[in-house]
Structures are given as C-alpha cells and as structure tokens.
Amino acid sequence: MNPGLLIVVSGPAGVGKGTVVSLVRERDRDVVFSVSATSRSPRPGEIDGVNYFFITREKFQEMIRDNEMLEWVEYCGNYYGTPRAYVEDELRKGKIVLLEIDVEGAMNIKRQYPQCVSVFIMPPTMEELRDRITKRGTETPEVIEARLKRAENEMQHSAEYDYIIVNQTVEEAANRFLEIIRQKREQLQRRHQALNEERN
C-alpha cells in the first residue's frame, strides 16, 4: 500500500485556494480534504462531516484537553480546529490528506509532523488580489482593506513553506500542485521500498 502524505495549504483569503484544491481533488482520487471541526452552528446548506464536524463548545474544549486536535484557534467567539483522528486514519489508508489552514496553524502542524509538505498559494500581485476580493461583492470596503492587510502579513511567511505556487490561472496552479504531489509520492514510495528491503 502507498504511504500516506500530509499536505498543508495556506494563502490569503481571495487567492483561490478552494478552487485550486477542488480541481486537484477531481484529478487525483487519492487526495482527501481534511474536515475541520467547529463549535459554531451550521449555516444553511452546511452538512455535518462534509463542511465541518459541528460539535459543542464543551466537546471542543474536551478534545483540546485530551490532545485530540492537531491545531485549533478561537476566532470571533468560536473554536475551529483539525481533529487528529480523522487525519491519522486517512494517512494510515495511504491517502494524501490536504489541510487548508492559516499560517499559524500550518506552523503548528509542521512542528508535529516535520515530514509534512507545506504549500503557500500566492496571488500574482496585490492588485489582482484586491480585484478578486472586490468582485465577490460580499464585503464592505473596510473589510476588504482588513483582508488585504492580513494578506500582506501572511505573505511575509511564504518563505517558511516548502513550495510557493503563484495562482495566475487555476489550471496552471492545479497542475503545479499535482506535480508536487507526484514528486513527493514517488520519494515516499522509494523510501518505503528501501525500508522494506532493509527489513528483509
């Protein structure tokens, strides 16, 4: 069986991470998306176990205490985090597990799983990012400015990642991502094979 691979993906809001990741998952059936847990209530149309694992605040705190979260944050009064069991189960099955998390969460994961692969998705320019966020038409000018300021801060950490992908087009970015997965998978398989040969 193929060894599992953990990939951490970060990038500023509006850069198109979700679209790139969706295309990658369509083209490689071994890629699974890690479902985060949250203490907030489901929004209309959200499904438990698909969009998030929706759990109570008390249950979330219990999981933090019992070291059942790989990483977690409290944001706007709600908890968000990555359940350890789900990730480890999928890795045992030989899956490629993608975690889409912020810079702080990514650094926490890297400390716990030094062998994980980290990918930062960048916009071609800040102007392009501003256009993408503005075209959504869902945020006020104040929120847009706050998002851009946060994006600049996040992009300063991009050098701490193993790979940087500039999202010029979704197609190009997804192809580059798939190429990284292919290379890493081959390296893992060679290492796995060498270890098996040593044992025998």
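Select Val87 to begin: leaving aside residues up to four places away in sequence, Val87 touches Leu6, Ser34, Leu70, Thr82, Val97 and Leu99. The model on screen is a predicted one. Val87 belongs to helix α3, residues 84-92. Is Val87 buried or exposed? Val87 is buried, because its relative accessibility is 0% and the buried class covers values under 20%.

**Aromatic rings**

Next, show the side chains of Phe60 and Tyr79. A pair of aromatic rings is described by the distance of the centres and the angle of the planes. The structure has six aromatic pairs, and Phe60 with Tyr79 is one of them, with 5.0 Å between the centres and 15 degrees between the planes. This pair is classed as stacked, since planes under 30 degrees apart fall in that class. Which elements does the pair tie together? Phe60 sits in helix α2 (residues 57-65) and Tyr79 in strand β6 (residues 78-83), so the link joins parts that are 19 residues apart in sequence. Phe60 is buried, at a relative accessible area of 0%. Tyr79 is buried too, with a value of 7%.

Then select Tyr52, Phe54 and Tyr80, which ring pairs link into a cluster.

Move to Asn67, in the loop between α2 and β5 (69-75). Most residues other than glycine have a negative phi. Asn67 has a positive phi, near 60 degrees. Its relative accessible area is 49%, so Asn67 is partly exposed.

**Helices α1 and α7**

Finish with helix α1 (residues 17-27) and helix α7 (residues 170-199). Two packed helices are described by the angle between their axes and the distance between the axes. Here the axes come within 9 Å and cross at roughly 55 degrees. That angle makes α1 oblique to α7. The crossing of α1 past α7 is right-handed.

Which residues of α1 meet α7? Select Thr19, Val20, Leu23, Val24 and Arg27 on the α1 side. On the α7 side, pick Val170, Glu171, Ala173, Ala174, Asn175, Phe177, Leu178 and Ile181. Coloured by class, this contact of α1 with α7 shows nine nonpolar, two polar and two charged residues.

Notes. Residues are numbered from 1 along each chain as its sequence is written. This is a predicted model: local features need pLDDT of at least 70, side-chain atom pairs count only at pLDDT 80 or more; totals for chains, interfaces and linings use all residues. Side-chain values use heavy atoms; hydrogens and water are left out. Axes are lines fitted to C-alpha atoms, for helices over the stretch in contact, and angles run from 0 to 180 degrees between N-to-C directions. Helices (H or I, at least four residues) and strands (E, at least two) are DSSP runs, numbered from the N terminus. Angles under 35 degrees count as roughly parallel, over 145 as roughly antiparallel, 65 to 115 as roughly perpendicular and the rest as oblique. A crossing is left-handed if the near helix is turned anticlockwise from the far one by less than a right angle, and right-handed if clockwise. Contact means heavy atoms within 4.5 Å. Ala, Val, Leu, Ile, Met, Phe, Trp, Tyr, Cys and Pro count as nonpolar, Asp, Glu, Lys and Arg as charged, and the others, Gly among them, as polar. Rings of Phe, Tyr and Trp (its six-membered ring) pair if their centres lie within 6.5 Å; planes under 30 degrees apart count as stacked, over 60 as edge-to-face and the rest as tilted. Buried means under 20% relative accessible area, exposed over 50%, partly exposed in between (1.4 Å probe, protein chains only).
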